[in-house]
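Take a look at the model below.

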Amino acid sequence: MEKKIAVVTDSNSGITQAKAKEMGVYVLPMPFMIDGKEYFEDINLTIAEFFEKLKGDCNISTSQPSPASITDLWDKVLEEYDEIVHIPMSSGLSGACQTAVMLSDDYDGKVQVVNNQRISVTQEQSVRDALELAKAGKSAEEIKEILENRKFESSIYIMLDTLTYLKKGGRITPAAAALGNLLKLKPVLQIQGEKLDAFAKARTIKQAKATMLDAIQKDFKERFNNDEDGDMGLFIAHTQNYDAAVEFREEVLKVFPGKDIEIADLSLSVSCHIGPGALALACAKCVK
């Protein structure tokens, strides 16, 4: 008899609680410490409230779900399902994946934790892939293996509007941030699985967008076999920059005509380090 598979992820995927219900998945809300008080994404902390606090110079730090919140959710889900595919954010960006792997040891193989090095829109794509694979009759273990084999088949490039938040997080020196803001630099960062890294420096928004587009084109051509099977998903993400994201989508469509390009909010755990006004271009190989 075919097993009933549930897909669990965390809010780093950008999947809201409402969207999770629509998709038929379960989302663990990520905790944030803001001025010493704990908040949970999309439970008692909206995107608008988060940015209000971020801009208001509140002391914000990310945390990971407590072991009890993870196992409580798994136990509840396993009352209805036979197995769980759990897709946390990239292990290179948080300890949440390692915690989940350790906790899954007590579940006799019923919980398979996927370490496929993704976050935000690319993590959401993994969730969709897991749903498709479950529908096709794959077991939780098989789904984990397929997703982990594709773990580096995604890219995110992010143009920052300000260096202030990288400075706050200790990722660059105050002097470098001051100089960058003075010169109005628009740095482009990248997420290639493991971590958030510098990619390029641009002097203007136009130059930064061109840099991201060139990088994605190069990825398609050199890393992803030129999208031969039409199996590359393309996404635009942003931090409180929706109008610019819509405008950018038109520019991207000129290079990738006919592509279905989704626009999404960049997840709050990334937003925390880069601040508002950012624009991202991402791609991920999808299960077909």
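The largest cavity in this predicted model has a volume of about 40 Å³. A search of the whole structure turns up 2 cavities of 30 Å³ or more. How do we find such spaces? A probe the size of a water molecule is rolled over the atoms, and this shows where empty space is left.

Which residues line the largest cavity? They are Asp10, Leu28, Met30, Pro65, Ile70, His86, Pro88, Ala96, Cys97 and Ala100. Helix H4 (residues 96–104) gives the largest share of this lining, with 3 residues. Sorted by class, the lining has 8 nonpolar, 1 polar and 1 charged residues.

Now move to the second largest cavity. It holds about 30 Å³ of space. Its lining is made up of Val121, Glu124, Phe235, Glu262 and Ala264. Helix H5 (120–135) and strand E12 (261–265) each supply at least two of the lining residues. Here the classes are 3 nonpolar, no polar and 2 charged.

Next comes the sheet. It is open and has 3 strands, in the order E4-E3-E5, with antiparallel pairing. Strand E4 (37–40) and strand E5 (60–62) are the edge strands, and each pairs on one side only. From one strand to the next, the twist averages 30 degrees.

Look at one pairing in detail. Strand E3 (residues 31–34) pairs with E5 in the antiparallel sense, over 3 bridges. Which residue of E5 is the bridge partner of Ile34? It is Ile60.

Finally, find helix H2 (residues 47–55). Helix H2 lies across E3, E4 and E5. Helix H2 runs at about 125 degrees to E5.

Definitions and conventions:
Residues numbered from 1 in each chain as written. Predicted model: local features only at pLDDT ≥ 70, side-chain atom pairs only at ≥ 80, totals over all residues. Heavy atoms only, no water. Pairing = 2+ DSSP bridges. Helix = DSSP H or I, 4+ residues; strand = E, 2+ residues; numbered from the N terminus. Axes fitted to C-alpha atoms, helices over the stretch in contact; angles between N-to-C directions. Contact = heavy atoms within 4.5 Å. 1 Å grid on protein atoms, 1.4 Å probe; cavity = no way out; pocket = protein on both sides within 12 Å on 5 of 7 lines; lining within 4 Å. Points joined across faces, edges and corners; volume = space filled by probe spheres on them. Nonpolar A, V, L, I, M, F, W, Y, C, P; charged D, E, K, R; others polar.
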